[in-house]
Amino acid sequence: MTNDTLLSVKDLKVYFPAGDGIARAVDGVSFEVRRDETVCLVGESGCGKTVSALSILRLNPVPPAEIAGGRIMFDGQSLLKLDEESMRRLRGKHIAMVFQEPLTSLNPVFTIGDQIGEAVSIHENIGTEALHRRCVQLLKSVGMPFPEQRLKDYPHQLSGGQRQRVMIAMALACAPRLIIADEPTTALDVTVQAQILQLFKSIQKKRSMSLLYITHDLGVVANIADRVYVMYAGAIVEQGNTVQIFRHACHPYTQGLLASLPSRLKRGKRLYSIPGVVPNPAFKPKGCPFHPRCPYAEPVCREEFPEMCDYGDGHLARCPVLFDKRDL
Amino acid sequence: MTNIQAKEFNQNFQFDQPLAPKRTRWEEFWLLFRQNRLAILGLFIFILFFLSALIGLFLTSGTNPVFDPALIRLQEKLRPPLAEPHLDSLQPEEVPRLDIYLMGTDDLGRDVFARMLQGAWVSLTVGFVAVGISVLIGIFMGGIAGYFGQHMLINTISVDTLIMRIVDIMLCFPSFFLILTVVALLPASIYNIMIVIGLTSWMGTTRFVRAEFLSLREQDFVAAAKALGVSNFRIIFRHIMPNAIAPVLVSATIGIASAILTEAGLSFLGFGVPPPHATWGNILSNGKNFIFDAPWLTFIPGIAILIVVLSFNLFGEGLRDVLNPKLRERG
Amino acid sequence: MNSKTNRANHIILRVEGLKKYFPVRRGFFQKIAAWNKAVDGVSFEIQQGKTLGLVGESGCGKTTVARLILKLLESDAGKIVFRGTDISKLAENDMKLYRKDMQIVFQDPYGSLNPRMTVGLSIEEGLRILGIKNAPKRKERLEKLLQMVGMSPESADRYPHEFSGGQRQRIGIARALSVEPLLIICDEPVSALDVSIQAQIINLLKDLQDRLGLSYLFISHDLNVVGYLCNTIAVMYKGCIMEFAPAEQLFENPRHPYTISLLAAIPDPEPGNTPDLHLPERDLPDSSIPIFGCSFQGRCTLEETRCREERTTLAQVGEEHFVRCWKAAQNKIPKVS
């Protein structure tokens, strides 16, 4: 761990009870976020990306969730060892979160001003006048037109994109050092999504903070990320910077995902598709969880959980089979 | 670009690896239901009640019943539960079965156990028939209001509005007094009571069948059925109804409890099933005159009603939890 | 003349000036305060065996168009000419003849299957409609249909909740195919699916088209999918078609400012390619407020007074290329690189 690291998650395991067994939603995930960088966790539904992110803020309901192991270090503090009160003080102030569905994440009976104001006043002692100015300034910083009037609006009076801007303003309220954004643009239209992504980028540049961005959309990842972690079935299968992941993908899953993206440039050609279904966390296959869908699977993949293989320069992939073939 | 050699798979690759091991609906239902102890207790008491009512019907009816609920032995009146009969003062045919008054005797020396058995059948049939009537009306009215609600009648009022206003009007009557009035006008008979209770308790069912239909009607699978060209009749009964029936079942279970209570109340006030036929309500009503001399005459039917009503409610709530589709998805 | 009739014969569905206004009721007496013009004069045609993509943001009326064509909703005005017959005014009874020729695949794989019916029963509903009364024959067809969409025949006895999203979507497609339709309306069929599953379903739809000669009306908000799958694309905004062109043309040479911004906003899975935006944040999307002129006003960067004063019309700017913008028609839109 270098001095540069803001957040590091080591070997995190989060289990859920599922019927007769346990679902290992997150099963030994390690990643880190450095200062001033944008890191993307990318994966399909049920791969454990949201659970991992929620564990950082300890927002997974325990029980049923159970943190079965691992360590989460934020700026030198071990988050899993903090008591609830210090954790509460940390949330919002140092680490803020933006959720997917902006309509349900805002309380419908309070005005935008009330909600942003609350986000500020929880962590800071501030007078009414100053609070108002602060709210206006926050809304301005997320590019909301007419912030003065908007403060008196209720969430339902805003469009989806505007609501997401309010959510971001609330996350920014106490100038956190890390923002965790869980699919913040999935519910939005493409044009609005592009605007929100741009907003994230400009805020990050201006404020020097880190962003942990969770998404399933590879297009968004390419657009916003400095470094990428690809998750599959509760584990990181590949990590690297954007160019490494998108130009030189080394894990069959990442390769398959990229090859299966439809685009007009592939017209007339058959799309590559990864066969099979995403495994249920409660019935994960033995060995490499991807082996039933993998075109390169060998007998060893059925038996052993694969190790991370180092391609150098921070590019790692969890596929020894392809690693051995890399120079052929 | 990516270096995948689109190594294609066998075209016949089967995509269905079902996620959960196969279980029938009943197995799944039972798995979930089993976890609710109170509901299991409710179900157990319900089965016990059902069996005793059914057996009671056979044991207490006919010309020479095993337990005769109408046999009067004035010399043996107000004997406490588990009392032994005074054999010297009784005719041989008057001696109670089992040689014991299990639940004592009433003011006319009738065996309370026999009368409770006979009353159990009355409660059971009143509960089921009354609720059966109310559920049938409720589903019919609710279904029409929910599915055909927008159709206008004579261009002035929609079907939905009409039915829901009727429901509102019916709900305005204090139904117990409505029942009292009707029963007072009609000849006293157990069937009239069932019908009257049924006819005055369908509004709740109508309301939520309509609500279910309104939301189900907008579901994609209903649109798909319409697009296939499935007839309205079939859409209502084959596609929507099975999805709407779960909450009806739950409320019906709880409705049985309240019908049993209503019948007991009517009998208690003397408007119920005519004597000498015993019901839990009229045993209770007779007993109130002797509450200090013979408390069992009040307590035995009272507690029986309490337990049966409670067990139906517990069972109904258990059903509601299990039939809740959100719980089901998780299971 | 011959070629013209030939072409007409190849058009399976033609929609002309389709309109649907929903009343917006307000106040205690639920008076109709305004009309929400969900679909406001939409026209297009679909050629036999081809795919028309209908693209637009949420709330632009594309799903309403699908429901109008299938007559799940009554249209207020316009013609729906299906195989030469205008079905827009047909009563439900006469509609029966055409029902089975047009089917729909829904977006939400969870809501589109009846949770209380086995997969087999759901699909057999269609076979009943087709008039296959003989049970073993139905069973045989059912197995064939399941195989056609890549499912095993054993899935017939299972309930929808036992399947994943992608599998349910396959089942939905099998149900649509059960009545041997000519046209399938796909209402965002892949947008609720995982990336790795999307490609499977897209391939399946394409294979089925090749095998059965199906025509598709493919509704989506994802321009990548539409660009891959469709022959022609119609871009919809606030109930109107803004641009209509063959897919290549639309991507190579978009004319309408809305199309241009839509294309610019596609997140590109190429690192470093940032979408280039010049689109002001949209205000409240309240389509009940009547506006005159172009419906894109307020968001358009090239807006002029004429845009607010003049009714817009679809103008032809190329072979099969139409655009609803007077500036684009006069070639006054600056090219974006």
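The questions and answers below walk through a predicted model, taking its chains, a sheet, a residue and some contacts in turn.

In this predicted model, local features need pLDDT of at least 70 and side-chain atom pairs count only at pLDDT 80 or more, while totals for chains, interfaces and linings use all residues. Residues are numbered from 1 along each chain as its sequence is written, and chains are lettered from A and ligands numbered from 1 in the order in which they are written.

Visitor: How many helices and how many strands are there in chain B?
Guide: Helices (H or I, at least four residues) and strands (E, at least two) are DSSP runs, numbered from the N terminus. Along the sequence, chain B follows the pattern α-α-α-β-β-α-α-α-α-α-α-α-α-α. The count for chain B is therefore 12 helices and two strands.

Visitor: In which order do the eight strands of the open sheet in chain C stand?
Guide: Two strands pair if DSSP finds at least two bridges between them, and in this sheet the pairing is mixed. Strand 6 and strand 11 (315-318) of chain C each have a single partner strand, so one side of each is left without a neighbour in the sheet. The order of the eight strands in chain C is 6-7-8-3-9-10-12-11.

Visitor: Which helix of chain C packs on the sheet, touching strand 6 and strand 7?
Guide: Strand 6 and strand 7 (residues 183-187) of chain C pair in the parallel sense over four bridges, and Q103(C) stands opposite I184(C) in strand 7. The direction of the packing helix makes about 175 degrees with that of strand 6 of chain C, where axes are lines fitted to C-alpha atoms, for helices over the stretch in contact, and angles run from 0 to 180 degrees between N-to-C directions. The helix that touches both strands is helix 6 of chain C.

Visitor: Is S220(C) buried or exposed?
Guide: S220(C) has its place in strand 8 (residues 215-220) of chain C, and its C-alpha atom is separated by 5.3 Å from that of V55(C), 165 residues apart along the chain. A residue is buried if 20 or more other C-beta atoms lie within 10 Å of its own, exposed if 12 or fewer, and partly exposed in between, with C-beta atoms placed from the backbone. Because S220(C) has 24 other C-beta atoms within 10 Å, S220(C) is buried.

Visitor: Which helix of chain C gives the most to the side that touches chain A?
Guide: Two residues are in contact if their C-beta atoms, placed from the backbone, lie within 7 Å, and this contact takes 36 residues from chain C and 41 residues from chain A. Helix 8 (223-229) and helix 9 (247-252) are among the helices of chain C that each supply at least two residues. With six residues, the helix that gives the most is helix 7 of chain C.
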